[in-house]
Amino acid sequence: MLKLLLLLGFTQIYAAPNDVTLTVFTVTSKSMTVQWSGHSGASSYKITATPKNAPERPVFAQFGGNTVMGSVNSLSPNTVYTMQLEAMDNASNVLSSAETEETTAPEVPLIQQAYSKHSDSVTVEFTEVAGATSYILRAESLDGGFFSEMVVSGSPGTVVQLQPYTSYRLSVMSVNSGGQSQPSHSVQATTVVLAPELVPTSPDNSTIHVNWTRVEHAVLYTLCIIREGSSSRLKVNTTATAMTFQYLEAGTTYCIKGTAWDSEGRVGDDLTVCQITRPTRPDVILVQMNPGRSLDIAVYWGAVQGAEKYVALTTNGQNCTSTLLSFCFITSVDCGQNHSVAVVAHNKAGPSSPSQPAEFITYPCPPENIWVEEPEAGNCSVVWEDVPLVEYYMAFIKRDDGTEKSCNTTGTTCPFTCTCGYTYLTTVFPYNQAGSSPYAHVRNYTTIPCCPQDVKISLLSTDTLEITWSPVKGAELYETTAAQTDDVIHCNDTAPVCALSDLSCNTAYSVTVTPCSDFRGCNQTCAPQKHKTAPCPPEILNMVQTNNSTYRVFLSTPNSPDTTYSISATGHDNTHTCQTKNNSCELTQLPCGSTYEVMAVATAAEGRSLPGFTKTLETAPCCPTAINVSLVTQAMTNVSWLPGGGARYYMVSLTSSRGHAKCHTLDTHCLMGCITCSTSYSINLEAISSTGHKSQCPYRGFSSSPCCPTNLKLYRMFNNTLRVRWRSAGPQIHNHTVDLYGTGANYTCTAAAGSRYCDIQEEICGEVYSVVVAPVGRSGGKVVFCQPRTYSVLCPGSNAGVVISRGRRSVN
């Protein structure tokens, strides 16, 4: 291990090869270990420890050249030494040196005694030594499972965080700036037992009972009880785990200290708990009803010692609580009751015994059932049921205009004069020796309302009558009816206005406004008024086109003969109208490709009807103003046109004696196949609207392009002449152009109508030619979609006059 430390030290502190460094590694009271960096030429090292301020002689030690750490012993405690290192060669010449200063640790202290006063600590008394700045207390359990060191400033010192009733070895080390001494001789000490955990209770106002859990290793318990604020105390010993203290003062706090003793007679920790005894019972002084609208009882009592709160409890289960005052209020007491109340004082220990009960009586209850009887109109009486504990009643009748009447009676009825159309509020208050009931039930009574005199009826809409009138006294609801034979329409509302809807059009109704009240019902004597509703809406039966821009509209006539019918056709930009008293009229000047919403309305003296159901009138779509035909290939043509107003899609047909073509499209152009060349076609376009309306649109015809020749052949002739020969697919009425395209030369020639070949003078032999033969149209332009063919032509030789064709079409 020492060799490993020396190697580690050497590795860590080695610096330069020719200079040595010196540091102190460890210090004890009588030794000092230093380490140094090696010197390349050193064969040995000498360490000299010289006391700086003491008369002692220097001490030295010598080490081999491979050593970098060493100790100097036999030093004095708490002494400053100058440590000098000298690196020497074989001739004892000093090659390099270094020195440092350090203080040795103080003397080893001596433990005088160790003892435990608490279950989690041991106190150690020891001799203090010169030069020590602090001390380290070391505690170790006998089984080695616990080890602790604590720094203390002096003696005595205490080791904490120990286990109760456990033995420990304890030692002390002194410390100064240089380091710490060796541990002192250890002593053994055992911690004391735990204190019992006391749980006090007070079962009554003169007793405190204490119990606790048995403490491990305890053989005896001591309990000491003292009253708060007193110096007198009582101490008892017991081996049990419970104790009862009797004959104590009520509402008084007592503190109890408990300690445990081990088998060696050592006293353990102590624990003090405080407990108050229950208070003595209070005395009720006064119980009275509180004035006001709520039923409250005020309970007064005399205060008792030690009480933290008081609870007053009635025999019917109601209560109130007070903490600072000697009275409280029991609220929401039932009326018409005769009960008693008792008061209990409380503190942390629990409640006292209840006081002697005190009797009390509450206000009488108000009558539950109050009603008004009206045996004949104008003569009314307030009637109620009798209630117990009542000496007399006060009845109050107040009309809704503020007029009030009252009566005092020992009976259960009170007469008064009542006027129709008014609401009366009635209430009854009972009285007894506690006073009047603070509240009473209020009952409403309303006399029958009168009929309104200013009923006005107006036509709000075609099937709705609005009826208005002035409010009448006593009416809570108005029932309005409109009757016609067995059909009756009802309207109920609290406002003096009503709209009777869903009435039959062109019908006379008998309208009646009946005022009602919840208690008296409705006045059925009100007179009716008659009023007629607006005319019925006409129905459009049919719309027939009479010419290009005129349509006749046929409609129903459900109203009287003097009714006028108006028909309107509303389009995107304009509106067309007509009127009639009969069943039809004409809408004129309607343009093609337009859509109109057609609607009919009836008008009479009573007003206008609702519009009849709208029907859509769509005029025929407009034909395109121009059409264009262009050939795409010999067998395909593209037909295009301008859009026609109102047209949703189109059908185009091309017809000839040699066949026809047809297409349907949503666009304004159509690509059509199966076209025969050199043929005249007629064009017909059909414009179709989104609802299926059609317009036939004829146009001028056209002729398809001349046919491209077939069976093309290329021959070499004499005198370097090339001949192109073909077969015409159509009539021989067109000139033809012949184009040869080679890699070195291009040639062109023209053949007259009826000719089927064309000769070309060749300038360069051995070419590969693309040959195109195309007819020339009447306009002078040649057909551009005739396909080329490719040929290889040999130069004159053994096969002179023979042309070799590649026999395939060009892909260009």
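User: Is Ser 184 buried or exposed?
Analyst: This is a predicted model, in which local features need pLDDT of at least 70, side-chain atom pairs count only at pLDDT 80 or more, and totals for chains, interfaces and linings use all residues. Residues are numbered from 1 along each chain as its sequence is written, and side-chain values use heavy atoms, with hydrogens and water left out. Buried means under 20% relative accessible area, exposed over 50%, and partly exposed in between, with a 1.4 Å probe and protein chains only. Since its relative accessible area is 8%, Ser 184 is buried.

User: Where is Ser 184 found, and with which residues is it in contact, leaving aside its neighbours within four places in sequence?
Analyst: Ser 184 is found in the loop between strand E13 (167-175) and strand E14 (187-190); strands (E, at least two residues) and helices (H or I, at least four) are DSSP runs numbered from the N terminus. Contact means heavy atoms within 4.5 Å. Leaving aside neighbours within four places in sequence, the contacts of Ser 184 are Val 108, Pro 109, Ile 111, Ser 171 and Val 172.

User: Where is the place of Cys 505, and which residues does it contact beyond its neighbours within four places in sequence?
Analyst: Cys 505 has its place in the loop between strand E42 (497-500) and strand E43 (508-517). With a relative accessible area of 25%, Cys 505 is partly exposed. Apart from neighbours within four places in sequence, Cys 505 is in contact with Thr 533, Ala 534, Pro 535, Cys 536 and Pro 537.

User: Which strands does E39 pair with in the antiparallel sense?
Analyst: Two strands pair if DSSP finds at least two bridges between them. Strand E38 (residues 456-461) meets strand E39 (residues 464-468) over 5 antiparallel bridges, with Ser 458 and Glu 466 as bridge partners, and a hairpin of 2 residues joins E38 to E39. E39 is also joined to E42 by 4 bridges, where Thr 468 stands opposite Val 497. The antiparallel partners asked for are therefore E38 and E42, as strands of a sheet pair through backbone hydrogen bonds, either parallel or antiparallel.

User: Which strands stand at the edges of the open sheet of 3 strands?
Analyst: The sheet has the order E54-E55-E58, with antiparallel pairing. Strand E54 (627-631) and strand E58 (669-672) each have a single partner strand, so one side of each is left without a neighbour in the sheet. E54 is joined to strand E55 (residues 637-641) by 5 bridges, and Ser 630 stands opposite Asn 638. The edge strands are E54 and E58.

User: Which peptide bond is cis, with omega near -5°?
Analyst: Pro 156 has its place in the loop between strand E11 (147-152) and strand E12 (157-159). The cis bond with omega near -5° runs from Ser 155 to Pro 156.

User: Which residue forms a salt bridge with Glu 762?
Analyst: A salt bridge is a side-chain nitrogen of Lys or Arg within 4 Å of a carboxyl oxygen of Asp or Glu, and by this rule the count comes to 12 salt bridges. In this pair the closest N and O atoms are 2.8 Å apart, and the partner of Glu 762 is Arg 716. Glu 762 lies in the loop between strand E65 (757-761) and strand E66 (768-775) and Arg 716 in strand E61 (residues 710-716), so the pair ties together parts 46 residues apart in sequence. Both residues are buried, and the name asked for is Arg 716.

User: How many residues apart are Lys 348 and Glu 308?
Analyst: Lys 348 forms a salt bridge with Glu 308, the closest N and O atoms being 3.0 Å apart. The pair links distant parts of the chain, Lys 348 in the loop between strand E27 (338-347) and strand E28 (350-351) and Glu 308 in the loop between strand E23 (297-301) and strand E24 (309-314), and the separation is 40 residues.
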